[in-house]
Amino acid sequence: MADVLKKVPVREQAPKVRATNFEEVCLGYNKEEAMEEANRCLGCKKAKCMEGCPVSINIPGFVHEVKEGNFEKAYQIIGESSALPAVCGRVCPQETQCEGRCIRGMKGEAVSIGKLERFVADWAKENGIKPVPAAQKNGHKVAVIGSGPSGLTCAGDLAKMGYDVTIFEALHKAGGVLVYGIPEFRLPKDKVVAAEVENVKSLGVKIETNVIIGKSVTIDELLKDEGFEAVFIGSGAGLPMFMGIPGEQANGVFSANEYLTRNNLMKAFREDYDTPIAHGKKVAVVGGGNVAMDAARTALRLGAEVHIIYRRSEAELPARKEEVHHAKEEGVQFDLLCNPVEILTDDKDWVTGIKCIRMELGEPDASGRRRPVEIPGSEFTIDVDTVIMSLGTSPNPLISSTTIGLDVNKRKCIIADEEFGKTSKEGVYAGGDAVTGAATVILAMGAGKAGARGIDEYIKSKYAK
Amino acid sequence: MYKILNAEKLSANVFLMDVEAPRVAKHCLPGQFVIVKMDEVGERIPLTICDYDAEKGTVTIVFQPAGASTTRMAQLKAGDYFEDFVGPLGQPSELCHEDLEELKKKKIVFVAGGVGTAPVYPQVKWLHEHGITADAIVGAKTKDLLILEDKMKEVCNLYVTTDDGSYVRKGMGTDVLRDLVQNQGKEYDLCVAIGPMIMMKFVCLLTKELNIPTVVSMNPIMVDGTGMCGACRLMVGGEVKFACVDGPEFDGHKVDFDLAMKRQQMYKTEEGRALLKLQEGDTHHGGCGHCGGDK
Ligand SMILES: Cc1cc2nc3c(=O)[nH]c(=O)nc-3n(C[C@H](O)[C@H](O)[C@H](O)COP(=O)(O)OP(=O)(O)OC[C@H]3O[C@@H](n4cnc5c(N)ncnc54)[C@H](O)[C@@H]3O)c2cc1C
Ligand SMILES: Cc1cc2nc3c(=O)[nH]c(=O)nc-3n(C[C@H](O)[C@H](O)[C@H](O)COP(=O)(O)OP(=O)(O)OC[C@H]3O[C@@H](n4cnc5c(N)ncnc54)[C@H](O)[C@@H]3O)c2cc1C
Ligand code: SF4
Ligand code: SF4
Ligand code: FES
């Protein structure tokens, strides 16, 4: 009998093997493993885990069905709250959300809720279970901007209510960060992301790619000329930040967005695609979030020695625990408590190294994390030929600057209420990273749901009058 | 899918295509660009809008094969399709925003180099339609590489020059500009230079000397064209600018051309070249010299 205090281990590709390929790292549970893990759940009456899930999935409910082997039922229970379980099961920061609150975790390891959710979603996919389209269309047209988690969820929910929904996407492929940002080895593009997009399409949602709202057409035109009665903005936070240190414009310095887009969306890692990518020999990735881990592990798979440079200590790394653990296993080196001050270059302006200064943790700052302070005179240099800046992103002003009457805050985030995604402009709703700044898939998804509710109420109340 | 309605070869290595893209055609203005992607494996290629017809819903692009994707693109014919065609991207030329009466008082000269003639065309045409006839200097390496001569003549005072003297006169665009200003008594309030970066750099050095404000259209390496990746960043007047959203047109006297030219070489190092060859196999074509390097 397995130790009930421990999670049923999940099968993974061996670190040495996976560090050279782009296949998914985690292989997930099979039926038996899933049922065994589900058995560890205590089925708590006051389930703490649910409080940790931003969309309050009925976790004891679905886990119970997994235990009984009723996977379809489990899928339906999850489906009441989440539209993207195959994605969230893979990328949610479970240790700070659902699993972080699990009673099992007080003495031993939490129930592996994420892995169970993923299992159920994958099982449903393999068994051809699809969401059910609305029985009847209501004839009202709604436009959704962006095909990331918030847009896909909002569109899916509205379509299920009978709305005629069109998603407009700036890039040539739907999925948002799920296709251009998060790498294949963490979130398979065909098997998971494309399948989720197909699900939304099967509900009757149209997706028009290559349309940049604010450039190809404006929101005001969608409302006035194209017959849309409401708009949901789920345009994400795509604008990369840089540090502003000397040498940052040199050749070999990339934003994580560029590096990951080249590799994920444009598939530079595959020889049959035209897009080039820099194959550094020694790469420094600056930052400590999921994006930094993804860039580092991508560079590693392209053959580089990789250093993560982060100014706080390991405890403060904002990335999911699992990603940090995987990155270490694969051989990514962590240079913690140090901060870049300059990027060094040769006479042709190519990167030759990165000069850093050591840091120590001082008093806690506004975020409650201890503020890193420089240790004078502690500068040192790491020889690298590539630097990837992964310092965070902010919302793109393209939409806010071309839409009359849409208010943004000083961080350029669109102002929208949490419950319904209502903005300052009539008929316009928003959610996801465009509103919150860079956050998580599950929060974006939740915001998409809220927006769908808001739009439904808005259109209904218009006709009730 | 975006249908190619017409495909022409303008010169030995310059191709023109009219593409059906109603949303772009309806909203674009001179100075803006599109990104095209030929098929699943193709790169996203930024190309300046050379002409457009809002009623027919078509956009004209003119390009020169530089690497794998553009070389494959050159083989497309009328009736074929682009898988992706997105735009209009970037800011319209400032001319489009200026007060027309003010603009009419201005003397404007365009300097175009090589395939840069294509993006100059919609601007002089736009001015012509608004009752302004500009001067335009078009430089080509040799007679065979001169493009759009007849179309240009209809909408501006055209001065042609060839590097090797094989047509009209011998010399570069900068030589003509100097001649016009210093020997023929021309006075200009604005210069617009579009072409390879090295050419724009030299035009700017000259116009600084001649004291003519100058606008250039930058063509750095791009990926998304929406401000998401930062690949297109430039230093302009000491500030970081993203060419795809802040440009592509900038005050030429403020652009750090040397940095921009170095950045354009990003995928052109020895290693990069070998890598491209490896990645692209037989389809690898030029891109590391054939294209003239800078366009
Ligand atoms: C590399 C990386 C790794 C991450 N890892 C995790 C993780 O492990 N776990 C987690 O929970 N979160 C993770 N995140 C964060 C998460 O992906 C985002 O919070 C989430 O995708 C936000 O969803 P969204 O729908 O708001 O926007 P996005 O996913 O950003 O989608 C926005 C879409 O809108 C499109 N768009 C933008 N402007 C326009 C316009 N003007 N017209 C038309 N379309 C437009 C964009 O092209 C894009 O497709 C990660 C993010 C990145 C970048
Ligand atoms: C705003 C803008 C407008 C442009 N307008 C035109 C136009 O109207 N007509 C035209 O012919 N070209 C134009 N260009 C340049 C054109 O986009 C490039 O020639 C093209 O992207 C090369 O693609 P490729 O896949 O064939 O080459 P790749 O295989 O990507 O590259 C081949 C070689 O070209 C270099 N390269 C890649 N991208 C660029 C680039 N943007 N500029 C210079 N070198 C590059 C690479 O370093 C590589 O060595 C424009 C570029 C920009 C940014
Ligand atoms: S959606 Fe995320 S937080 Fe909620 S139960 Fe699933 S994995 Fe946990
Ligand atoms: S808190 Fe843990 S044990 Fe309790 S219901 Fe939730 S998952 Fe099961
Ligand atoms: S091309 Fe990506 S930001 Fe300009």
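Chain A and chain B bury about 4100 Å² between them, 51% of it on carbon and sulfur atoms. Buried area here is the accessible area (1.4 Å probe) that two parts lose on being put together, summed over both. In chain A, the residues that lose the most area to chain B are A:K215, A:Q249 and A:D274, together 19% of what that side buries. The contact draws 50 residues from chain A and 48 residues from chain B, where contact means heavy atoms within 4.5 Å. The size of an interface is often given as the accessible area lost when the parts come together.

The model is predicted: local features need pLDDT of at least 70, side-chain atom pairs count only at pLDDT 80 or more, and totals for chains, interfaces and linings use all residues. Residues are numbered from 1 along each chain as its sequence is written, chains are lettered from A and ligands numbered from 1 in the order in which they are written, and side-chain values use heavy atoms, with hydrogens and water left out.

A:N251 touches residues of both chains. On the chain A side its partners are A:D349, A:W350 and A:V351; on the chain B side they are B:K262, B:R263, B:Q265 and B:M266, not counting residues up to four places away in sequence. A:N251 lies in the loop between β7 (239-240) and β8 (253-255) of chain A. Helices (H or I, at least four residues) and strands (E, at least two) are DSSP runs, numbered from the N terminus. A:N251 is buried, at a relative accessible area of 1%. Buried means under 20% relative accessible area, exposed over 50%, and partly exposed in between (1.4 Å probe, protein chains only).

A residue belongs to a shell if one of its heavy atoms lies within 4 Å of the ligand. Around ligand 4 stand A:C41, A:L42, A:C44, A:C49, A:P60, A:C102, A:I103, A:V111 and A:I113. This shell has nine nonpolar residues, no polar and no charged. Ala, Val, Leu, Ile, Met, Phe, Trp, Tyr, Cys and Pro count as nonpolar, Asp, Glu, Lys and Arg as charged, and the others, Gly among them, as polar. Ligand 3 is surrounded by A:C53, A:P54, A:I57, A:I59, A:C88, A:C92, A:Q94, A:Q97, A:C98, A:I113, A:E117 and A:I442. The shell of ligand 3 divides into nine nonpolar, two polar and one charged residues.

A:I78 and A:E117 are 39 residues apart along the chain, with C-alpha atoms separated by 7.9 Å. A:I78 sits in helix α5 (residues 71-79) of chain A. Its relative accessible area is 0%, so A:I78 is buried. A:E33 belongs to helix α2 (residues 31-38) of chain A. This glutamate is also buried, with a relative accessible area of 16%. A:E33 touches A:V8, A:R11 and A:G28, not counting residues up to four places away in sequence.

In chain B, UniProt lists residues 1-95 as "domain: FAD-binding FR-type" in an unreviewed entry. UniProt positions are given in the numbering used here, feature names are shortened, and annotations may be inferred rather than shown by experiment. Over residues 1-95 the chain is 13% helix and 47% strand, and the end C-alpha atoms are 32 Å apart.

Helix α6 (residues 173-182) of chain B has the buried residues B:G173, B:T174, B:V176, B:L177 and B:L180. Seen down the axis of α6(B), these residues fall within an arc of 160 degrees, so they line one face of the helix. The arc is that of the directions from the helix axis to the C-beta atoms. The buried residues of α6(B) pack against β8 (108-113), β9 (135-140), β10 (157-162) and α7 (197-210) of chain B.

Backbone geometry was also examined. Most residues other than glycine have a negative phi, and most peptide bonds are trans. The peptide bond from B:G87 to B:P88 is cis, with omega near -5 degrees. B:P88 lies in strand β7 (residues 84-89) of chain B. Another cis bond joins B:G247 and B:P248, with omega about 10 degrees. B:P248 is in the loop between α8 (243-246) and β15 (249-251) of chain B. A:N210 has a positive phi of about 60 degrees although it is not a glycine. A:N210 lies in the loop between β5 (206-208) and α12 (219-224) of chain A and is buried, at 4% relative accessibility. Phi of A:K412 is positive too, near 70 degrees. A:K412 lies in the loop between β17 (393-394) and β18 (428-430) of chain A and is partly exposed, with a relative accessible area of 43%.
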